[in-house]
Amino acid sequence: MSVLEKVRPEPPVTVRKEPRVTDEHGRRIHVGELVWRYLLLLVVLALTVGPFLWQLSTSLKGPTEDIYSSPPSFLPARPTLHNYTRVADTIPVWDYALNSLKVATANVVTNCVGSALAGYALARLRFRGRRVTTLAFVLAMLVPVEGIVIAQFTTMRELGLNNTLIGVVLPGAIGAMNVLLMRNAFRNLPYEIEEAAYVDGADVWQRFLRVALPSVKGTLAVVAIFAFMGAWDDFLWPLIVLSDPSKFTLTIGLNYLHGTFANDERLVAAGTVIAVAPLIALFACLQRYFFRGVGEGAVKG
Amino acid sequence: MATPVRIRRQLPFSPWLFAAPGLLVTGAFVLYPFVSTLVNSFTDRRTLLPGHFVDLANFRELLHDDMFWTGLRNSTLYILGVVPALVILPLLLALLVQKNIPGITFFRSAFYTPVVASIVVVGLIWVWLLDERGLVNSLLETVGIGRVGFLSDQWLLLLSAMAVTVWKGLGYYMIIYLAALANVPRELHEAAAVDGAGPVRRFLSVTVPAVRSTMVLVAALSSVAAFKVFSEVYLMAGPSGGPAGEDTTLVMLVQRTGTGLTGRVGYASALSVVVFVVTVALMLLVLRADRRDES
Amino acid sequence: MPISRRALAAAAVALVLPLSACGSGGDGGGSADASGKVEGDITFQTWNLRANFKSYFDGLIADFEKKYPGTHVKWIDQPAEGYPDKLSADAGGGTLPDVVNVSPDLVAPLARAGLALDLDKAAGKYKPEYLDGAWASHQVPGMSGTYAFPWYLNTGPLFYNKALFRKAGIDPDQPPKTYDELFADALQMARKSGGKVATLANVPTIEDFGRYGVTLMNKQGTAFAFNDTKGVALLTKYKELYDAKALDPQALTATPESSGKKFLTGAVAMNPGSALDLDNFKKNAPTLYRNIGITDQITSTGHVNMYVMGVMVNSRTKHTPAAVAFAHFVTDAQNQMSFAKKVAIFPSTAGSLNDPYFTKEDGTDETRVRIAAAKSLKGAVNYTPVLFSDQMKTALRNEVAKALQGKESPKQALDNAVNAANRLLQQG
C-alpha cells in the first residue's frame, strides 16, 4: 500500500504530441491522462502479478542456488526447467491433471446448464413456491461448508458414489451462488425481447434457448470460469471422497510434493506453477469473450 | 422490479423442470447435510462416537468459551476491514481499466490472475513474501523502515490476511463493476463535464449513483465471504490461529473443534449454526439497507 | 414447553443420527481370529510415501503376494495434508482400508471406537520380534491391548549453525549439552546479535515438557499433570528467552516447516532434525551446510524423544488373517531393514539396530548422525501421550503463548492447559 503512495503519478511533462489514442467512444485521450493511467496500471500490475513471478523464479532456480539467501535474489542465476521434469518424475502429474480436467469440465457444464435453467425459472417463470425456491438457494449459499463435509461424504457413500469422479463433482455441480447470479442476469433483461418471441408463438423452452440464453453469455462466462476454478482448486472434498490414487486430482497430487521426509521448495514452486498455469492460460484464451460478455450488463444487482 | 411474463403456453410443471436439477443438488448436498448439522448441534457427538441429546448445552458452552468470542470478534473485524476496501478499490480499478487504450486487455487479464490462482498457492506466496526475512521486509529495511513482524503480531497478522483477501478479490469485483459501468450512459458523464464538474465530482455525482445497486451487491457478497473467512487466516496465522490463538476466526474454530479423529462434532455444529444465523442476518441487513435507499 | 421442545429435538436426533451413523455401529463384521488361511483382497493405506518410495512398496507387495498365493494387496497412499480428516470420513463411513499406516495419536481414537484390531490377542506371538518400547507405543491408557504393529522410528540430533555460534563468541565446538547450557548460550546469542539471531524457533510442546522431566500424566493415565513445578520452571525459562529474543519472536506462530526455514536462512541458530535434513541443507542452503554443527538432543531424563509410526489392522476387515499377516510382513525385521536403507529412518524390530549399518562409521556426516541416533534410540521414549489430541495440543500451545506474552503467569497458563486437556479427555 505504501508503494501506491510513493508512485503517485508525476505531472506530465510533454503534452505537445498530437494524441491519437481514442477510447471506446472514439474520443481522444490526452497524453497526460494516458501517462498517468499507464503508470497506475503498471503499479497495480506489479502488485497483482509480482508474487506469481517470484514463485516462477523460484521454480526456475537450479540445485546449486541458495534459495534461502538473505536478501533474496529475484532472478535465478542459471534458469533451468529441471524442477519441472522432476515433478513429472516424482508424481504422475499428467494423470492427475487429466482427472482435474475431467472434473473441472464436468463442473463447468453442469453449473452452466443447471444454474441457467434454475435462474431462468426463478427470474422469468411464474409458479407457486417460487419465493420459497429462491430462499432455498439463498440459504444454501450461506451454509458454511466446513461444517457439512462429513455429512456430504456419508450421503455420497449411501449413493455408492464415493471414490468416483462423479462424487467429486456432484456437491458443487450446481452452485447456489451461480443460480442466483443467473437469476439476476435474466431479471435484468428487458421483457420486450421475450414478449416478441411469445407473440410469435415460441414456447418456454424456445424462448429460453433462443432468446434469453444468448443475452446472458457474459454471466455464463463468469459462471464457467468460477466453476472451472472451484473444481480445479478444491482440495479437501476430493481428498475425502476419493480413495484410489489413480483418480486423484491435481491439487491432491501436488500435495505429495510436500514430502514426509524432506521438503524441496523448488519442487513445490514448480508444482504451484503447474497448478496455476492452466487457469491463467484458460482465462487468457477466454478473456476477450469474457470481458465482452460481462460488458453486456449481465452481472448486476 | 419487473414482473414475470404472463405465460399461458407453459405446461404447469415446466418451471419445476427448470428448477429441479438445481434444487436436487442443493437439497441433497447442501441443505440436507446442514439439517444434520442442525440436529448434531443439540448432541455431544464426537467424530467416532455417537452422541446423546444434550439440549442447549453446546450453545450455553459457547457463551462461556473465550475462543468463541475471539472468533466472533475477528470475523466481525474482518468484515469491517475488508468490505469497505472491496467496495471501493475494485470500482476505482474498474474505472482505470474501463477505457480501451492499447494493451488494456492484457492489464485486465493480469489483474484477474489473483482471482484464478488457488488460495493455497496465494497463501504460500504471501507467507513467503511477508516473512521476517522475506522480500517485503528486505525492501522495508533498505528503505530504512526496518523489519515488521507481519506474521508474528496478532493485529498485523489479521491485517495481512485482510490485505490478501482484498488483493485476491480485487479482480473479481472489478469485473462486476466493469459490467455495471458499461451500463452507465455516456451522456451523463458528458453532461456533467459540460457543467464543469471535475473528475472527483463526476465520480461522486455520476458514477457512484449509477453503480449504487452493484455496490450493494458487492457489499453483500463480500461481507458474507468475510465473515466466513477461513483459508487466508489459516494459511498465514497457522492452524492454531496466530499467537495464543488470538487470530482465530469463527470458521477456523468450527474446523479446529470439529475435524480430525477426536473432533467434537456436536459443539462444532453449534458453532456452524451460529455462523449461519449471523450470515443470514447480515444478508437481510444489507438487503434492507438497499431497499430503504431505493425508496 | 421445555419438555415438548426436548422431546421434539430428541425425536429429530433419533431420526437423523442413524442416517449419518458412525463408527461403533455393528455393521459388517470382521473377526479377531487371525489364524485362518491367508487369502483374499486387502487394501493397504500409507501416509505420504508414494512420491519417493513407490518402487519399494511395489516390491514389498509383490513379495507378499508371492509368499501367500491367493492374496492381492491394493496400495493406497494419502498425501501429507488432511490425513486425519480422511481417516475420520472413512472410519465414519465404514470405508476404512484393511491395513492402515497410523501414528499413536491417530490409533487411540480409532481403538476407542472399536475400529482397530487388538494385536495382543490377534498377533501376540509376534510381540517378541519388536523393541519393547516400540510395541508399547500403540497401547491406549484405559484400554487393554495393543492396536498397531510398530513400524519405523525416527529421532535425530540437534543441528546448529557454527558460523552464528562463532559470531556470538560461543565456541562452535562446545555446543550446549544440558538445558542450563542451552539457555545460557541462547541468551548470549541474542545479546551479541542485538536480538537478530534466536537460538530456539519453537515454543515448548508436550514432548519438550516430557524431555525436560515433567510428569505428563498421573500414574493411572486418567488425567494430565504437566502443571507441576518442573513444568512451570521450564515455561518460566522460556518466557525469559522470549523476552530476550533468544526464542524467535515468530515462535508463537511457527510451524515445523517455518522454523526449519528459519534455520536455513540463518535467523535461528539451532534446530532439531534428523539425518534426512542433511541432504536438505546440502541442496537448499549450501552456505549453511559448510557451517553445520551436529550435537545430541538435550534431555534431562537421559532418554531422547522418538517418533513412532505404526501399522494397524481394521477390526472390520473381511480378511483378518491376510490383513494381520500383511501388517506383520510390512513391519518385520527384514522389510524394515531394507526400508531403513532407502531413507534415514530406524527399524523398530529387536536387534535390527545392532546391524553394522547402524554401528559402523564410514567417515560421512550421514553415517555419524545415523549411528548416534540408532544408539540413542535404544532408550528413547515417545513422550507425547497417545491421548493428547490435536485439540489438546492447540489448547496447550495457546496457553503457552499467553504465558510468553505475559498475559498469564506460567503457572496459571499450565493450570489452564491441564484443565482444558482434562475436560477434553473426559468428554472423549
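Mentor: Begin with contact: two residues are in contact if their C-beta atoms, placed from the backbone, lie within 7 Å. Keep in mind that this is a predicted model.

Trainee: How many residues of chain A are in contact with chain C?

Mentor: Chain A brings 31 residues, which are in contact with 33 residues of chain C. Three helices of chain A give two or more residues each to that side: H6 (149-158), H12 (236-241) and H13 (250-255). H6(A) supplies the largest share, five residues. By type, the chain A side has 16 nonpolar, eleven polar and four charged residues.

Trainee: How many residues do chain A and chain B give to their contact?

Mentor: That contact takes 79 residues from chain A and 80 from chain B. Among the chain A elements that give two or more residues are H2 (31-59), H4 (93-124), H6 and H14 (265-295). The chain A side divides into 49 nonpolar, 17 polar and 13 charged residues.

Trainee: Now burial. How many residues of helix H11 of chain C are buried?

Mentor: The test is a count: a residue is buried if 20 or more other C-beta atoms lie within 10 Å of its own. In H11(C), residues 256-265, seven of the ten residues are buried, so the helix is mostly covered. The buried ones are C:Ser259, C:Gly260, C:Lys261, C:Lys262, C:Phe263, C:Leu264 and C:Thr265.

Trainee: What do the buried residues of H11(C) pack against?

Mentor: Their partners in chain C are strands E5 (158-161) and E6 (270-272), plus helices H12 (275-284) and H13 (286-290).

Trainee: Which residue just after H11(C) takes a positive phi?

Mentor: C:Gly266 does, at about 80 degrees.

Key
Residues are numbered from 1 along each chain as its sequence is written. Chains are lettered from A and ligands numbered from 1 in the order in which they are written. This is a predicted model: local features need pLDDT of at least 70, side-chain atom pairs count only at pLDDT 80 or more; totals for chains, interfaces and linings use all residues. A residue is buried if 20 or more other C-beta atoms lie within 10 Å of its own, exposed if 12 or fewer, and partly exposed in between; C-beta atoms are placed from the backbone. Helices (H or I, at least four residues) and strands (E, at least two) are DSSP runs, numbered from the N terminus. Ala, Val, Leu, Ile, Met, Phe, Trp, Tyr, Cys and Pro count as nonpolar, Asp, Glu, Lys and Arg as charged, and the others, Gly among them, as polar.
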